[in-house]
Amino acid sequence: MFEKIIKAQAEISRERDEVIQKLLRFVLTDALLFWSHNDELSKRQEKLWMPVVIWARRILKAELLTTTELDVPEENQKAVDALKIFLEKLTDKKLTALYLAALDMRSVILAMALTEGRLDAEGAYKAAWLEELWQAEKWGVDPEAESKRLEMKKELQEIEAFLKKKDD
């Protein structure tokens, strides 16, 4: 079940610095930092995303600014140093889980929350796919998109189980 994750862990342990650098670049365009102009969707983002953003600010002891614009807030660069310290302290197991989850969810912040137990796989999934799930409610489900989301949900559940697994 964990073969893919364990293989990734071996690669990530050899390339820790490169993986951390990728995550540091990725966080500046984190999905949780870019909010909708739509009132209904932004209320859902406020409910699901803001508690996670506030938690991440507290963990990192750094500001993470959200925006409704397309440009990356320059102030968020200050949080990158704090994130680097956080990532460097992670075990290879947690760094692997965080990296894989971040890729699935398009969010380092959500991946941090999953890895640190702030969110479970279900909560992380709902937050990561909030916009698509909202659109599916409004305009109907796209079977191909739904299939992709369910695959990502399964991967998040596997990552969560991997994190809970005792090391041999």
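Q: Which exposed residues sit on the face of α1 turned away from its buried side?
A: This is a predicted model, and in it the face of α1 turned away from the buried side carries Glu3, Lys7 and Arg14, which are exposed.

Q: And which residues of α1 are buried?
A: Those are Ile5, Ala8 and Ile12. Looking down the axis of α1, the buried residues fall within an arc of 60°, so they line one face of the helix.

Q: Why would residues spaced like that point the same way?
A: An α-helix has 3.6 residues a turn, so residues three or four places apart point the same way.

Q: What do the buried residues of α1 pack against?
A: They pack against three helices, namely α2, α6 (92-105) and α10 (143-164).

Q: How far does α1 reach, end to end?
A: Helix α1, which covers residues 3-14 and has 12 residues, reaches 17 Å from its first C-alpha to its last, and this is close to the 16 Å expected at 1.5 Å a residue.

Q: Switching topic: where is Asp30, and is it buried or exposed?
A: Asp30 lies in the loop between α2 (16-27) and α3 (39-48), and it counts as buried because its relative accessibility is 0%.

Q: What is Asp30 in contact with, leaving aside its neighbours within four places in sequence?
A: Asp30 is in contact with Arg106, Ser107, Val108 and Ile109. The C-alpha atoms of Asp30 and Ser107 are separated by 4.8 Å, although the two residues are 77 residues apart along the chain.

Q: What about the backbone nitrogen of Ile109?
A: That nitrogen lies 2.9 Å from a polar atom of the Asp30 side chain.

Technical notes:
Residues are numbered from 1 along each chain as its sequence is written. This is a predicted model: local features need pLDDT of at least 70, side-chain atom pairs count only at pLDDT 80 or more; totals for chains, interfaces and linings use all residues. Side-chain values use heavy atoms; hydrogens and water are left out. Helices (H or I, at least four residues) and strands (E, at least two) are DSSP runs, numbered from the N terminus. Buried means under 20% relative accessible area, exposed over 50%, partly exposed in between (1.4 Å probe, protein chains only). Contact means heavy atoms within 4.5 Å. A polar contact is a pair of N or O atoms within 3.5 Å; within protein, one must be able to donate a hydrogen and the other to accept it, and residues adjacent in sequence count only if both atoms are side-chain atoms. The expected span of a helix is 1.5 Å times one less than its number of residues. The arc is that of the directions from the helix axis to the C-beta atoms.
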